[in-house]
Amino acid sequence: KVNIEWIDTTELSDGNVADILAKVDGIIVPGGFGVRGTTGKIACIRYARENQMPYLGICLGFQMAVVEYARNVCGLSDADSTEIDPDTKTPVISILPEQKEIEGLGGNMRLGGQDVMLTPGTMAAELFGGAEHIRERFRHRFEVDPDYIAQLEEAGLIFSGKHGEHQIMQILELPRDVHPYFVAAQFHPELTSRPLRPQPMFKGLVQAEIETKLAGRGVLSGLDA
């Protein structure tokens, strides 16, 4: 059974995040728009990354994971999203290049079903049973700025799901030997998840939470034990 604890990230900071998250076994930072609560989301993601807590980021949660990694691992202390700070000098997240010229409310969003190419040997490929590609549903304006992809990858971040033709990053992860489960998707896995057929990213999160919790008690190291 999964017990859900809703946390208001407007009240989260680096100073209190450890106390607030002490009662949970894993974290989801879901999709959203705007500036509200993003500082708390970044603090939450940093805590999960540094403390081996299973993490799943969805859409905005994917973007904030990139910002957090750029700031605290790549050393780009002023890294940000242009959605949060339009004048940022280090826009690791920015509006989709092909959407910049489109005018009108809602008109510059990337919407609907899109193919995601999976990198063999990654956790993403493993979650989806070794598939070479999957099809998921998107709803976003902003993406990882191509100018920073190489720097993020050189610092250890893995973009394990990508667009088949364009430089659009769609899944990120950390290696399993670095973190038990640090995964995020630009798409919305909840839109293809069903009660009796959970989308693999949710199933992987819960499995990682159980394994991490039981391993911490010295019970077992994997669900196959």
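What is the mean pLDDT of the chain, and what percentage of its residues reach 70 or more? In this predicted model, the mean pLDDT (the predictor's confidence in each residue, from 0 to 100) is 88, and 89% of the residues reach 70 or more. Over residues 220-225 the pLDDT is below 50, although this stretch has nine contacts (heavy atoms within 4.5 Å) in the model beyond near neighbours in sequence. Where pLDDT is low, the predicted coordinates should not be read in detail.

Residues are numbered from 1 along each chain as its sequence is written, and side-chain values use heavy atoms, with hydrogens and water left out. Local features need pLDDT of at least 70 and side-chain atom pairs count only at pLDDT 80 or more, whereas totals for chains, interfaces and linings use all residues.

Helices (H or I, at least four residues) and strands (E, at least two) are DSSP runs, numbered from the N terminus, and two strands pair if DSSP finds at least two bridges between them. An open sheet with mixed pairing is formed by three strands in the order β3-β4-β7; its edge strands, β3 (80-81) and β7 (142-144), each pair on one side only. Between β3 and β4 (residues 91-95) the pairing is parallel over two bridges, and Ser 81 stands opposite Ile 93 in β4.

In the loop between β3 and β4 lies Thr 90, which counts as buried at 8% relative accessibility (buried means under 20% relative accessible area, exposed over 50%, partly exposed in between, with a 1.4 Å probe and protein chains only). The residues that Thr 90 touches, not counting those up to four places away in sequence, include Leu 76, Asp 80 and Tyr 148.

By the rule for a salt bridge (a side-chain nitrogen of Lys or Arg within 4 Å of a carboxyl oxygen of Asp or Glu), the count comes to nine. Three of these pairs are tabulated here.

| Pair | N to O distance |
|---|---|
| Asp 25 and Lys 213 | 3.4 Å |
| Arg 71 and Asp 80 | 3.3 Å |
| Arg 135 and Asp 115 | 3.0 Å |

Asp 25 and Lys 213 meet in a salt bridge; Asp 25 lies in the loop between α1 (17-21) and β1 (27-29) and Lys 213 in helix α6 (residues 200-216), so the pair ties together parts that are 188 residues apart in sequence. Arg 135 is exposed at 54%, while Asp 115 is partly exposed at 36%. A network of salt bridges also links Arg 46, Arg 49, Glu 50 and Glu 68.
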